[in-house]
Amino acid sequence: MAKYVGILTAGGDSPGLNAAIRGIGKAALNKYNMDIVGFKDGFRGLVQNKIIPLESRQLSGILTLGGTILGTSRDKPHKMPIGSKVLDMTDVIVENYHKNHLDVLVCLGGGGTQKNAYRLMERGLNIITLPKTIDNDVAMTDVTFGFDTALGIATEAIDKLHSTASSHHRILVLEIMGHNAGWLALGAGISGGADVILLPEIPYNIETVADAICKRSRGGKHFSIVAVSEGAIPKKVAEELKKAENAKQNAKNKDEKKKASKEIKKIREKLSNHTMWVSEQLQKLCKIESRVTILGHLQRGGTPSAGDRLLATRLGTTAAKLIKNEEFGVMVASKGDKAEPVPLDKVVGKKKLVPIDHPWIRCAKEVGTCLGD
Ligand code: F6P
């Protein structure tokens, strides 16, 4: 029987989303004879029933486009700002899913989207997800689409910073996205030859970093490139945070929990200007002029790399095949050369961080990169 497929893209946008929509759509339309529609701006579009037709015309010419033709948002079905209120809109989503006679909803997103999609699955909807994010932190897949493009952009930035750092004999500190995972900073730092790489997974000592830079300077290299993951954290602050998180977990009553939450918030606020702080400290300790570059959303923009187009197309066409086979409640994961379904309950609530014994960490250390530990 022909299937009626709904697609949405949720969370931060990332290169490769359109390639994935095209992969699902073309296989669904041409190979399996299904009907397919998109919902605008993530889960909000399903609440507002904002439908975007996805026929051959809309799926054509989008492979190389960055962003998402469907639009996206960080809205959660169970906590959606509506006017001045935050409401649970899950019932409306379930109602609209049935009203539109959908056989399946395909959700393209990162960790948060996997969780939101899982909640809808628990409410009886047929769900398939695809893992996208530049952070590469979704569990149970080798890689997420968006990561390869962002890795290229961050590496190119490090390449460019080298010539100006060297000309001015400066320290150049580059902040790289990744949320609480260090994949992007580590990958770009190694590929671009950063002298220091700071990751959330390895709390650092600023003095250790300064020593490494001073040593380079004494050796005649009067510039250094420091790649800082946006979630990187000094050792001392990491210890304070751990203590506060433990206090929250072991709180005996509401007041204790509230107090611990306040403390966690305070510590996190301290980290908000963290990259600037790194630069200031290094300038002071090394007596070398230092400047900061924050790459920010540049890392999510523009044309997807060939690797991301390929990955998104592989995962997208596999999603269409799973729909045909009625294999629902799964995320389409990349495992080596294969694209495989993984039950959603094995994905949600987990984050794929960089293991401290990961080969990338070892090779960074072996080429003499300081990781601040
Ligand atoms: O999850 C992708 C990501 O780009 C993270 O690396 C970053 O922390 C976050 O999104 C930024 O979110 P927003 O686009 O909402 O500012």
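1. Start with Glu 201 and its contacts. Leaving aside neighbours within four places in sequence, Glu 201 is in contact with Asn 180, Ala 181, Gly 182, Leu 353, Val 354 and Ile 356. Contact means heavy atoms within 4.5 Å. Glu 201 sits in the loop between β9 and α8 (206-218). Helices (H or I, at least four residues) and strands (E, at least two) are DSSP runs, numbered from the N terminus.

2. A note on the source. This is a predicted model: local features need pLDDT of at least 70, side-chain atom pairs count only at pLDDT 80 or more, and totals for chains, interfaces and linings use all residues. Residues are numbered from 1 along each chain as its sequence is written, and side-chain values use heavy atoms, with hydrogens and water left out.

3. Is Glu 201 buried or exposed? Glu 201 is buried, yet it has no salt bridge. Buried means under 20% relative accessible area, exposed over 50%, partly exposed in between (1.4 Å probe, protein chains only). A salt bridge is a side-chain nitrogen of Lys or Arg within 4 Å of a carboxyl oxygen of Asp or Glu. The nearest side chain of opposite charge, Lys 351, is 8.8 Å away. For charge, Lys and Arg count as positive, Asp and Glu as negative; His and the chain ends are not counted.

4. What does the side chain of Glu 201 reach? The backbone nitrogen of Gly 182, at 2.9 Å. The backbone nitrogen of Val 354 is also reached at 2.9 Å.

5. Next, helix α7 (residues 183-192). Eight of its ten residues are buried, so α7 is largely enclosed by the rest of the structure. Among the buried ones are Trp 183, Leu 186 and Gly 192. The cover over these buried residues includes α6, β8, β9, β10 and α13 (359-366). After α7 comes Gly 193, with a positive phi near 70°.

6. Now the four-stranded sheet. Its order is β9-β10-β8-β11, it is open, and its pairing is parallel. β9 (196-198) and β11 (290-294) are at the edges with a single partner strand each, so one side of each has no neighbour in the sheet. The twist averages 20° from one strand to the next. Two strands pair if DSSP finds at least two bridges between them. β8 (residues 171-176) and β10 (residues 224-229) pair in the parallel sense over six bridges. Ile 176 has Ser 229 in β10 as its bridge partner. Helix α6 (residues 147-168) lies across β8, β10 and β11, at about 165° to β8. Axes are lines fitted to C-alpha atoms, for helices over the stretch in contact, and angles run from 0 to 180 degrees between N-to-C directions.

7. A second sheet has seven strands. The order is β3-β2-β1-β6-β7-β12-β13; this sheet is open, with mixed pairing. β3 (51-53) and β13 (338-343) are the edge strands, pairing on one side only. Here the twist averages 30° from one strand to the next.

8. Look at pairs within that sheet. β1 and β2 (residues 35-39) pair in the parallel sense over four bridges. Tyr 4 stands opposite Asp 35 in β2. β2 and β3 pair in the antiparallel sense over three bridges. Phe 39 stands opposite Ile 51 in β3. Strand β1 (residues 4-9) is mostly covered, with five of its six residues buried.

9. Finally, a helix on this sheet. Helix α12 (residues 306-324) lies across β1, β6, β7, β12 (330-335) and β13, at about 140° to β12.

Key
A polar contact is a pair of N or O atoms within 3.5 Å; within protein, one must be able to donate a hydrogen and the other to accept it, and residues adjacent in sequence count only if both atoms are side-chain atoms.
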